2 protein chains.
Amino acid sequence: MCEANVYWLDEDGKTSLFLDAVDKVIPDDNGKIFFENIYGERKTVAARIKRMELVDHKIFLEPRKG
Amino acid sequence: MCEANVYWLDEDGKTSLFLDAVDKVIPDDNGKIFFENIYGERKTVAARIKRMELVDHKIFLEPRKG
């Protein structure tokens with residue numbers, strides 16, 4: 001399975017898990033992103049995607065400023 | 001391998017391949033997104049991510065408006 005783990009990435013480069021095993025990622029037009037994982041968990045958050053490393057199953061988020 | 005194929009998604013729901021086997025996706029602060037695939041091909045484009053379906057290895061883009 002090719003789901004990804006989604007992490008917060010802070011300004012010091014530290015990461016913390018936001019949601020694991022994510023399948024669907026759907027940004028809206030208002031700066032929020034909807035996530036759904038393979039277990040059916042859903043989260044929506046005001047964030048932007050900082051970087052994705054799909055081969056390593058990683059997506060990094062940062063809080064949306066302003 | 002868990003790379004994804006990246007497609008343009010037009011307003012009629014039609015898709016066309018933009019870049020296959022993408023590993024890294026890095027949005028910048030100016031509305032552009034950098035992509036690098038597992039073959040080392042790199043593309044940068046003015047776009048926004050419309051939707052990702054990672055289990056199906058698919059990322060859909062739309063052109064960035066304005």
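# Notebook: a two-chain predicted model

I began with Arg48(B), which is buried at a relative accessible area of 14%; buried means under 20% relative accessible area, exposed over 50%, and partly exposed in between, with a 1.4 Å probe and protein chains only. This is a predicted model, in which local features need pLDDT of at least 70, side-chain atom pairs count only at pLDDT 80 or more, and totals for chains, interfaces and linings use all residues. Residues are numbered from 1 along each chain as its sequence is written, chains are lettered from A and ligands numbered from 1 in the order in which they are written, and side-chain values use heavy atoms, with hydrogens and water left out.

**Entry 1: Arg48(B) and Arg64(B)**

I placed Arg48(B) in strand E4 of chain B. Helices (H or I, at least four residues) and strands (E, at least two) are DSSP runs, numbered from the N terminus. I then listed what Arg48(B) touches, leaving out residues up to four places away in sequence. In chain A the list holds Pro27(A), Asp28(A) and Asp29(A). In chain B it holds Ile33(B), Phe60(B), Leu61(B), Glu62(B) and Arg64(B). Contact here means heavy atoms within 4.5 Å. I also looked up Asp10(B): it is 38 residues from Arg48(B) in sequence and 12 Å from it in space, C-alpha to C-alpha.

I found Arg64(B) in the segment after E5 of chain B, and it counts as partly exposed at 42% relative accessibility. Apart from neighbours within four places in sequence, Arg64(B) is in contact with Gly31(B), Ala46(B), Ala47(B) and Arg48(B).

**Entry 2: Asp12(B)**

Is Asp12(B) buried or exposed? I read 63% relative accessibility, so Asp12(B) counts as exposed. Asp12(B) sits in the loop between strand E1 (4-9) and strand E2 (15-27) of chain B. I noted two C-alpha separations for Asp12(B). Pro27(B), 15 residues away along the chain, is 25 Å from it. Arg64(B), 52 residues away in sequence, is 16 Å from it.

**Entry 3: positive phi in chain B**

Ala21(B) has a phi of about 55°. Ala21(B) lies in strand E2 of chain B and is buried, with a relative accessible area of 4%. His57(B) has a phi near 65°. His57(B) belongs to the loop between strand E4 (42-53) and strand E5 (58-63) of chain B, and it is partly exposed, with a relative accessible area of 24%.

**Entry 4: chain A overall**

How many helices and strands are there in chain A? I counted 0 helices and 5 strands, running β-β-β-β-β from the N terminus on. The radius of gyration of chain A is 11 Å, close to the 11 Å that the globule rule gives for 66 residues, so chain A is as compact as a globular protein of that length. That radius is taken over C-alpha atoms, and the rule is 2.2 Å times the number of residues to the power 0.38. The C-alpha atoms fill a box of roughly 35 × 25 × 15 Å along the principal axes.

I noted that 44% of the 66 residues of chain A count as buried. Of the contacts in chain A between residues at least 6 apart in sequence, 29% join residues at least 24 apart.

**Entry 5: Asn37(A)**

I found Asn37(A) in strand E3 (residues 32-37) of chain A, and at 3% relative accessibility it counts as buried. Beyond neighbours within four places in sequence, Asn37(A) is in contact with Leu19(A), Asp20(A), Ala21(A), Val22(A) and Asp23(A). The C-alpha atoms of Asn37(A) and Asp12(A), 25 residues apart along the chain, are 27 Å apart.

**Entry 6: the nonpolar core**

Which residues touch the most other members of the largest nonpolar core? Among its 30 residues, I found Phe35(A), Ile59(A), Leu61(A), Phe35(B), Ile59(B) and Leu61(B). Such a core is a set of buried Ala, Val, Leu, Ile, Met, Phe, Trp, Tyr and Cys residues joined through side-chain atoms within 4.5 Å. I followed up Leu61(A), again without residues up to four places away in sequence. Leu61(A) touches, among others, Val6(A), Trp8(A), Phe18(A), Ile33(A), Phe35(A) and Val45(A). Charged residues are also on its list, including Arg48(A) and Lys50(A).
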